[in-house]
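This report concerns the packing of helices and the arrangement of strands in the structure shown below.

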Amino acid sequence: MKAVGRSGGQAVSLLAVALLVTARPPDRLSAQSDPRLLAAVQLYQAGRQDSARAVVRQLLQVLPPTDSVYPQALYTAGLLAVDPQSVQTNLQRVVIEYGQSTWADDALLRLAQFYWAQGDPASAVQAVERLRRDYPSSPLEPRADLIAAQAYFNLKDEPSGCARLRDALAGSGDDVEFKNQLSFYLPRCPAVAPPVVTGTPGSTPADTTTTPPAATSFAVQVLAVKSATQVDDMLTRLKVMGWLDARVVRDTSGFFKVRVGRYATRDEAVRAQARLKTRVGGQPFVVEEP
């Protein structure tokens with residue numbers, strides 16, 4: 001079911017794809033209801049990955065499987081796991097054993113992201129279609145639909161890809177950055193109307209400056225290209241490495257700029273820049289956003 005692909009076969013933590021604060025909505029992970037699990041996530045984000053895993057492992061050992069926190073702990077274990085098999089096993093347990101919990105649709109989304117990052121589009125599609133079937137009212141469906149669209153396109157199934165792209169657009173609401181991601185694929189689907197972005201008159205669907213985050217003003221730019229494929233690959237790579245707030249900004253010249261973070265100070269952004277240069281390479285640099 002797994003294939004060595006986008007991740008290059010390397011063992012990676014899904015916190016890449018799973019601090020994926022882009023789930024239910026972006027603050028879903030930080031809204032973990034159990035303080036012990038929230039502490040584990042914070043340890044991971046602080047660079048203490050082994051300590052974070054130890055906290056979750058110990059919690060799973062002491063909690064009875066009937067405890068309401070247990071599926072949340074399994075989900076977190078999947079996010080923090082260092083090897084692909086553990087990622088898959090923990091998340092699948094949430095889906096299979098705790099299908100009625102509030103974490104089951106999250107687990108399916110993470111599985112879809114994981115399979116896509118691993119280069120297994122067929123399994124990614126299966127995970128998304130199950131989420132759509134079993135949790136039709138899930139707020140995660142638009143994000144899942146985008147993964148399915150990418151996977152279908154990869155499988156050369158253009159009609160299904162365009163159908164999921166249409167569904168993702170319909171559920172995108174006022175999320176400008178998400179609409180920007182969807183806009184990469186619109187040329188493949190002429191029948192799908194471009195997203196309408198509300199905001200300042202004259203703004204375009206790819207103009208993310210219409211709704212800037214109120215409390216942040218710095219980011220790190222890691223790539224600027226005109227190829228949607230390169231952008232997609234970089235976004236996947238960054239998220240698999242843990243940079244879950246990676247996003248795309250498009251300027252008037254037509255370049256897609258991949259950026260990471262929304263930092264309140266330049267010093268924070270500079271620290272992130274150094275980490276990105278070490279792990280991703282290239283010449284990332286700090287930019288100020290309005």
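A crossing is left-handed if the near helix is turned anticlockwise from the far one by less than a right angle, and right-handed if clockwise. In this predicted model, local features need pLDDT of at least 70 and side-chain atom pairs pLDDT 80 or more, while totals for chains, interfaces and linings use all residues. Residues are numbered from 1 along each chain as its sequence is written, and side-chain values use heavy atoms, without hydrogens or water.

**Helix pair**

Helix 8 passes helix 10 in a left-handed crossing; helices (H or I, at least four residues) and strands (E, at least two) are DSSP runs numbered from the N terminus. The contact (heavy atoms within 4.5 Å) joins Pro142, Arg143 and Leu146 of helix 8 to Phe178, Gln181 and Leu182 of helix 10. The axes, lines fitted to C-alpha atoms over the stretch in contact, lie 11 Å apart at an angle of about 20°. Helix 8 and helix 10 are therefore roughly parallel, a term for angles under 35 degrees.

Four strands form an open sheet in the order 2-3-1-4, with antiparallel pairing; two strands pair if DSSP finds at least two bridges between them. Strand 2 and strand 4 each have a single partner strand, so one side of each lacks a neighbour in the sheet. Strand 2 pairs with strand 3 over 4 bridges, and Arg247 stands opposite Arg259 in strand 3. Helix 12 lies across strand 1, strand 3 and strand 4, at about 40° to strand 1.

| Strand | Residues |
|---|---|
| Strand 1 | residues 218-225 |
| Strand 2 | residues 247-250 |
| Strand 3 | residues 256-263 |
| Strand 4 | residues 285-288 |

Terms used:
Axes fitted to C-alpha atoms, helices over the stretch in contact; angles between N-to-C directions. Parallel < 35°, antiparallel > 145°, perpendicular 65-115°, else oblique.
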